[in-house]
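Here are my notes on this model, as numbered points. Please read them with the structure open.

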Amino acid sequence: MSVGLDIGSKTIKVVELTKEGEGFALKGSGIVAYSGVSLEAVKEEKELVPVADLIRKLFNEAKISSRSVNISLPERFVFVKTVNFPSLSDHEIEAALKWQLDQYIPIPLEEAVVQNKILERSNNISEGVKVLLVAARSSYIEKYLALAEMAGLKVLAVENELISVSRVFGRVSEPVAIVNFGSLSVDVGIAKNGNLYFSRSIQGGGESLTRAIVQNLRIEAMQAEEYKKSYGLLEDKLDRKLLQAMEFPLRFVLDEIKKAIQYFESEERSQVKQIIICGGTAGMPGLLSYLVKEFSQEVILGDSFANISLSEELRKQISDYSHLYGVAVGLAERE
Ligand SMILES: Nc1ncnc2c1ncn2[C@@H]1O[C@H](COP(=O)(O)OP(=O)(O)OP(=O)(O)O)[C@@H](O)[C@H]1O
Ligand SMILES: [Mg+2]
């Protein structure tokens with residue numbers, strides 16, 4: 001049994017999987033919306049109590065059986081970089097990293113947790129070894145651990161969100177871009193063979209779209225949120241007013257996604273063939289066809305449960321929300 005818990009800034013998602021042959025079967029899943037908490041701003045542990053209570057409730061309602069979990073760290077809290085080494089052994093790479101780490105990581109090393117993973121080892125001696133470095137401030141990680149502990153959970157592993165979604169949507173051997181359209185941020189990962197190669201967190205998710213509607217249409221936030229979810233970017237609704245209101249923040253995000261893809265393509269000299277979108281905002285009416293027109297690559301809505309075995313009935317029930325569970329499924333799939 002393995003459990004993935006994705007504590008987002010607007011919703012909390014949980015998924016429990018069991019091993020079934022080579023793959024996984026779904027045991028339970030659940031989602032709860034809340035007013036949100038920015039953990040970076042939390043000063044005292046007691047501020048976490050309501051969130052911990054919510055997580056406890058979510059586990060009970062979703063009938064999650066295990067209390068040992070993998071949790072994710074928001075992409076905006078982590079620093080990700082790939083580094084190329086000459087053809088060294090694993091041991092030599094560890095040693096080289098030890099000496100050179102402060103060149104790569106922008107956080108003081110004594111305040112950071114750093115992990116590395118070998119992504120590729122070329123047979124061609126001149127090409128060498130590609131290593132992924134991930135670093136985060138230990139103070140942020142500790143807050144997530146404190147929250148989980150308060151909710152009665154035992155944390156087995158912590159990883160950044162795009163590592164988790166790469167496991168789900170980035171299995172293929174050609175690079176794909178995975179875009180997690182959340183509430184506070186839009187995160188772009190480029191992945192292949194289940195591994196993350198590039199990460200970028202762009203400020204401005206669903207919340208900034210709602211804000212733009214509030215300002216442009218001069219309506220209440222609740223109404224704006226409802227309009228956004230029901231009509232989104234559809235051309236034939238509300239005289240295109242929503243489309244016009246959201247165009248500016250959306251443009252900014254799309255330009256940043258394009259820049260991220262171009263950067264990867266020029267650095268790695270390989271092309272991104274497909275863009276997979278996930279996260280709550282990915283479900284906005286009209287967004288997919290808007291993106292299809294914007295990008296030269298194929299754009300699809302990610303189905304987090306595509307490779308998970310579950311009954312047809314449950315698959316139908318869950319299908320409207322399956323783009324929301326990428327991080328949680330990826331966490332639960334972690335070895
Ligand atoms: N049908 C929909 N149309 C448009 N937006 C939607 C829809 N459903 C949900 N959203 C938006 O998705 C966002 C929540 O998505 P998600 O659950 O992925 O966020 P999160 O994980 O809590 O946020 P983050 O990852 O940024 O911390 C909210 O901004 C919400 O307004
Ligand atoms: Mg999220």
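1. **A loop residue to check.** L238 sits in the loop between α6 and α7. Its phi is positive, about 45 degrees, although L238 is not a glycine. At 32% relative accessibility, L238 counts as partly exposed. Buried here means under 20% relative accessible area, exposed means over 50%, and partly exposed is in between, with a 1.4 Å probe and protein chains only as cover. Helices (H or I, at least four residues) and strands (E, at least two) are DSSP runs, numbered from the N terminus.

2. **Ground rules.** This is a predicted model, in which local features need pLDDT of at least 70 and side-chain atom pairs count only at pLDDT 80 or more, while totals for chains, interfaces and linings use all residues. Residues are numbered from 1 along each chain as its sequence is written, chains are lettered from A and ligands numbered from 1 in the order in which they are written, and side-chain values use heavy atoms, with hydrogens and water left out.

3. **Overall build.** The protein chain has 10 helices and 14 strands. Its radius of gyration is 20 Å, close to the 20 Å that the globule rule gives for 335 residues, so the chain is as compact as a globular protein of that length. The radius is taken over C-alpha atoms, and the rule is 2.2 Å times the number of residues to the power 0.38. Along the principal axes, the C-alpha atoms fill a box of roughly 60 × 45 × 45 Å. Buried residues make up 51% of the 335.

4. **Helix α7.** How far apart are the end C-alpha atoms of α7? They are 40 Å apart, which agrees with the 40 Å that its 28 residues (241-268) should span at 1.5 Å a residue. The expected span is 1.5 Å times one less than the number of residues. Even so, look at E247: α7 bends there by about 50 degrees. A proline, P249, follows within four residues. The bend is the angle between axes fitted to the seven residues ending at a residue and the seven starting there. After the helix comes R269, with a positive phi near 50 degrees.

5. **Helix α6.** A224 belongs to α6 (residues 221-231). A224 is buried, with a relative accessible area of 0%. Its C-alpha atom is 8.9 Å from that of A212, 12 residues away along the chain.

6. **Another positive phi.** N193 is not a glycine, yet its phi is positive, about 50 degrees. Look for N193 in the loop between β10 (185-192) and β11 (195-203). At 47% relative accessibility, N193 is partly exposed.

7. **Salt bridges across the chain.** Side chains of opposite charge can pair when their charged atoms come close. The rule used is a side-chain nitrogen of Lys or Arg within 4 Å of a carboxyl oxygen of Asp or Glu. The count comes to 20 salt bridges. One of them joins D90 and R121, with the closest N and O atoms 2.6 Å apart. This pair links distant parts of the chain: D90 is in α2 (residues 90-104) and R121 in β6 (residues 112-121), 31 residues apart. D90 is partly exposed at 47%, and R121 is partly exposed at 40%.

8. **A bridge from α7.** E268 pairs with K130, the closest N and O atoms being 3.2 Å apart. E268 lies in α7 and K130 in β7 (residues 129-137), so the bridge ties together parts that are 138 residues apart in sequence.

9. R315 and E312 meet in a salt bridge at 3.8 Å, N to O. Both lie in α9 (residues 312-318), 3 residues apart, about one turn of the helix. R315 is partly exposed at 21%, and E312 is exposed at 57%. Elsewhere, salt bridges that share partners join R251, D255, K258 and E294 into one network.

10. **A nonpolar patch.** L288, V292 and L301 make a nonpolar surface patch of about 220 Å². Patch residues have over 30% relative accessible area and no salt bridge; like charges are joined within 9 Å, and nonpolar side chains (Val, Leu, Ile, Met, Phe, Trp, Tyr) within 5 Å. Areas come from the Shrake-Rupley method with a 1.4 Å probe; for residues, only the protein chains shown count as cover. L301 is in strand β13 (residues 298-301). At 38% relative accessible area, L301 is partly exposed.
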